[in-house]
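Subject: Structure for your review

Dear colleague,

Please find below the structure that I would like to hand over to you.

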Amino acid sequence: MCGRYPTPRDVERLRRQFELKRLPSFEPQPNVAPTDQAPVIVAADEGRELRYMRWGLLPHWAKDEKQAARMINARVETVFEKPAYSRYVKRNRCIVPALGFFEWDQSKQPYLIRLKSGDLMGFAGIWNRWHDPVEPERTIETYSIITTDANSLVAEVHDRMPVLVQPGHYKAWLDKGVQDPESISALTCQIGPDDVKLMAQDRAINNARRKDVKVIE
């Protein structure tokens, strides 16, 4: 799974890589945890838009918000089959911009897994605007990150990792007109072991409530 990650720190780099014309008030988040609000990129009338959503998908049939923390990840192997995810992977795809993602070894030492190229990661994601059945006018936009088996390097600390969308596929990934499972799957990629590096981090990151930690790149 992917259970914690840092957002990009450089606003111009974020804007440039994801071709964003406008950005809302953006503050880097070094330690995004489940149920936090974090930036997500979706298709808009004029290009792409960055919006803040809650991490942990709430499907349309959810009766309350309690299950959000359990749906932070969707497995790529079953995302087209499970009712909680299948309709969103076809129509409501998003890109989750990140500096990388955190994982821990058996001693609870945290590591940042990031691209050697220095590029930001664009996690393949799905999202939904949930309507509260008790208060129908109240809505919450939520998202989930799609994951796959870890490559041989990441497997040293964890058995799963996020699926990425490469820059050349951003447009098609966000296109609601692309709904065929094979076409959608072809837009994602698994990170190879030679493409990433593991950077040891301050153990303060272990505390999900610590939002003031410095990420070592």
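This is a predicted model: local features need pLDDT of at least 70, side-chain atom pairs count only at pLDDT 80 or more; totals for chains, interfaces and linings use all residues.

Strands β1 and β2

Strand β1 covers residues 37–44 and strand β2 residues 47–55; the two pair in the antiparallel sense over 8 bridges. Together β1 and β2 make a hairpin, with 2 residues between them. Within this pairing, V40 lies opposite R51 of β2.

Strand β6 and its partners

Strand β6, residues 110–115, is mostly covered, as 5 of its 6 residues are buried. Strand β5 (residues 101–104) pairs with β6 in the antiparallel sense over 4 bridges, and F101 has I113 in β6 as its bridge partner. The hairpin of β5 and β6 has 5 residues between the strands, and K108 in this hairpin adopts a positive phi near 70°.

Strand β6 is also joined to strand β12 (residues 196–200), by 5 bridges and in an antiparallel arrangement. Here R114 has K197 in β12 as its bridge partner.

The charged patch

On the surface, a patch of positive charge is formed by R87, K90, R91 and K176. Of these residues, K90 belongs to helix α2, which spans residues 86–91. K90 has a relative accessible area of 31% and is therefore partly exposed, since that class lies between the buried limit of 20% and the exposed limit of 50%.

With kind regards

Methods. Residues are numbered from 1 along each chain as its sequence is written. Side-chain values use heavy atoms; hydrogens and water are left out. Patches are made of residues with over 30% relative accessible area and no salt bridge: like charges are joined within 9 Å, nonpolar side chains (Val, Leu, Ile, Met, Phe, Trp, Tyr) within 5 Å. Accessible areas come from the Shrake-Rupley method with a 1.4 Å probe; for residues, only the protein chains shown count as cover. A salt bridge is a side-chain nitrogen of Lys or Arg within 4 Å of a carboxyl oxygen of Asp or Glu. Lys and Arg count as positive and Asp and Glu as negative; His and the chain ends are not counted. The place of a charge is taken as NZ of Lys, CZ of Arg, CG of Asp or CD of Glu. Buried means under 20% relative accessible area, exposed over 50%, partly exposed in between (1.4 Å probe, protein chains only). Two strands pair if DSSP finds at least two bridges between them.
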